[in-house]
Every structure is written in C-alpha cells, then in structure tokens.
Amino acid sequence: MSVLAAGARAAAHPRTPTAPCTCGSTPLADREDATVVRHAGTVAKAHAPDTDPAALTLRMATAARVPDVLLPPLTPAPAALHGRLVTFWPYGLPVAPDDPDAAPWEAAATLLARLHRTPVPTGLPPMRGPAKAARALGRLRAALRGTPHAAARPVLDAWATLPAWARAAAPMPGPPGLCHGDLHLGQLVRHPAPDGPWKLIDVDDLGAGVPAWDLARPAAWYACGLLPPDEWTRFLRAYRQAGGPAVPADGDPWAALDVPARALTVQTAALAVAKALAANRPLDEVEQAVVDACARMPSVVPQDPGPPRPAPGIPD
C-alpha cells in the first residue's frame with residue numbers, strides 16, 4: 001500500500017517529484033485482486049497478480065478510445081511495481097453508497113447502451129464475466145473442502161443447469177459486443193469531480209462477449225426481490241431509449257437476460273456462502289435471498305439468449 005501510494009504521488013506531481021507534498025494518500029480498496037490508492041487527483045490501481053499485461057494494455061486503449069463512456073487512463077500502458085501491474089487514472093466521485101435513492105440507474109443504462117453500440121476493437125480479449133462466475137464457484141468449492149454448508153447444494157445445482165458458455169466452459173455465443181463485464185453501481189464515477197458526467201470505470205473485465213451480461217446484475221437483483229420494480233423499469237427503459245442492442249426494443253426482455261441473470265445470481269450466492277464459511281457465521285437476509293433464488297432455478301429450464309439486435313449505425 002505504501003509503495004502504491006508513492007507511485008500515485010509521483011504520478012500526481014510529475015513535474016515536482018522532490019518538492020514537499022501536503023496532499024494525503026487515501027486507500028480506496030485493498031483486496032486480493034486489486035489495491036487502489038488516491039493521491040490528489042490521481043488514482044493508482046494495482047491489478048491482480050495474474051493479470052495479462054498485453055490484455056490489460058488493449059483494455060486501457062479501448063477506454064481511451066471511448067472517453068465519453070469509459071474513464072480514460074492517464075497513461076497508455078500499465079507499469080510494473082513490486083511484481084504487480086499498476087495503472088493510473090483520474091479521480092472521479094463515486095456513487096454515494098448511503099443514498100440509494102440517488103442511484104444513477106438511467107446514467108448507467110445509457111452508458112452501457114453506448115458501450116454496446118461501439119464496435120469491438122480488433123484483438124480485444126473476451127469479456128471476463130463468465131470467467132469471474134466460474135472463479136466464484138471455485139472459491140465456494142475450496143471453502144467446502146473443510147466445512148460443509150447446507151446452502152451450497154442449491155448453488156452448485158443451479159450452476160450445473162447453466163449452459164457451458166455461462167460457466168466459461170465454451171466460447172460465448174455471437175456476434176460479440178463490446179461489454180464492460182462487471183457492471184454495478186460501484187463502477188460509476190463523476191468526472192471531473194464532483195459534478196461532471198458519469199463515466200464507467202474498471203476495465204479489468206472489459207472485452208468482447210454477450211452484451212446482456214452487463215444487464216444481468218440489476219436483472220438478477222430484480223428477480224430476487226432485491227431491486228425495486230420501479231428502479232429496474234427505469235434502468236431497462238433508459239437502456240432501450242439509448243438504443244441498447246442487448247434486449248429487444250420492446251416486449252419481454254427475459255429471453256435475452258435469463259441465462260446471464262441466473263449466472264450472476266449463482267456467482268453472488270457462491271461468494272456469499274464462501275464468505276459465510278470463512279467467517280463462521282450464518283447467511284444474512286440478502287445472502288439467503290440469492291441462495292433461495294438458486295434453489296428455484298433447476299425447476300425452470302434456462303433460456304439461452306439469441307443474438308443481440310443490430311445497433312443503429314453499426315453493421316451487423
């Protein structure tokens with residue numbers, strides 16, 4: 001953390017590297033897969049140890065190409081720091097976690113629609129959403145080796161009902177779209193802070209894939225009763241109004257959303273059970289809700305999404 005903070009400080013003040021600095025460094029995240037520090041208007045992110053440098057560079061270049069959608073990086077490629085790849089970004093003001101009524105659902109949906117309508121850059125790796133879901137199931141299985149948990153069985157059974165592509169066991173169906181790969185409200189910031197336009201952040205999972213995956217988390221929350229219907233309606237309406245190709249322009253969207261929403265529900269439940277096992281505690285109400293949703297899944301055959309509809313101005 002201290003080394004990363006020093007890197008952020010050097011990136012924030014490149015013209016006066018030896019001058020005294022009174023700006024404090026603020027940790028924003030410290031997880032196994034990412035450590036993030038802010039210094040003044042610069043954010044430094046240390047990526048997961050197994051991050052592919054070539055893939056990350058391509059993802060950064062994509063963000064730089066669509067600055068009206070994705071927060072662009074401050075440098076074109078990652079730097080190496082203590083065996084980790086580090087990238088530098090301008091600071092943006094995140095969504096207030098304690099003010100759910102101010103959640104920018106329309107902004108998130110509109111940004112997704114713009115992203116999905118952008119042609120996939122040549123050579124961009126696959127979107128990593130299914131791979132993250134598979135990793136969550138691996139984490140759950142590892143946690144179960146020492147301690148069984150009754151909630152694990154419905155999660156594993158629901159996972160088994162998903163098509164191979166949603167379990168990262170086969171290529172995703174096409175034609176591919178440009179996808180964020182891990183959309184949630186924590187991936188939006190206002191830049192310039194504090195009242196600039198909303199931008200999407202975090203390119204680690206960005207890639208070519210099934211655009212409906214990016215709508216899957218709010219869809220899953222809605223299906224589990226965790227997202228109020230009016231908020232889901234606002235999100236879906238804004239996505240359609242912006243010409244998003246992941247779902248039909250009108251009518252029932254669930255033929256496209258069903259499999260991705262199931263996959264995100266199983267991923268969330270797997271992580272919840274694994275964390276409960278690690279902490280030796282019972283599931284909380286929200287965690288139990290997603291496990292209960294998994295228990296209902298095997299009774300209904302999942303609907304695989306068809307191809308996304310063409311986006312205006314972009315060839316099929």
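The model is predicted, so to speak of local features a pLDDT of at least 70 is needed, side-chain atom pairs count only at pLDDT 80 or more, and totals for chains, interfaces and linings use all residues. Residues are numbered from 1 along each chain as its sequence is written, and side-chain values use heavy atoms, leaving out hydrogens and water.

**Exercise 1.** Work out the strand order of the open sheet of five strands.

*Solution.* Begin with the terms: strands (E, at least two residues) and helices (H or I, at least four) are DSSP runs numbered from the N terminus, and two strands pair if DSSP finds at least two bridges between them. Reading across gives β1-β2-β3-β5-β4, with antiparallel pairing. Ala79 has Val86 of β5 as its bridge partner.

**Exercise 2.** Find the strands that helix α1 (residues 2-12) lies across.

*Solution.* Trace the helix over the sheet: α1 lies across β1, β2 (34-39), β3 (42-47), β4 and β5. Then take the angle, between N-to-C directions on a scale from 0 to 180 degrees, with axes fitted to C-alpha atoms (for helices, over the stretch in contact): α1 runs at about 45 degrees to β2.

**Exercise 3.** Is Asp204 buried or exposed?

*Solution.* First locate Asp204, in the loop between β9 (198-200) and β10 (207-209). Its relative accessible area is 15%, so Asp204 is buried (under 20%; exposed is over 50%, partly exposed in between, with a 1.4 Å probe and protein chains only). Finally, list its contacts (heavy atoms within 4.5 Å): beyond neighbours within four places in sequence, Asp204 touches Lys45, His47, Arg59 and Arg128.
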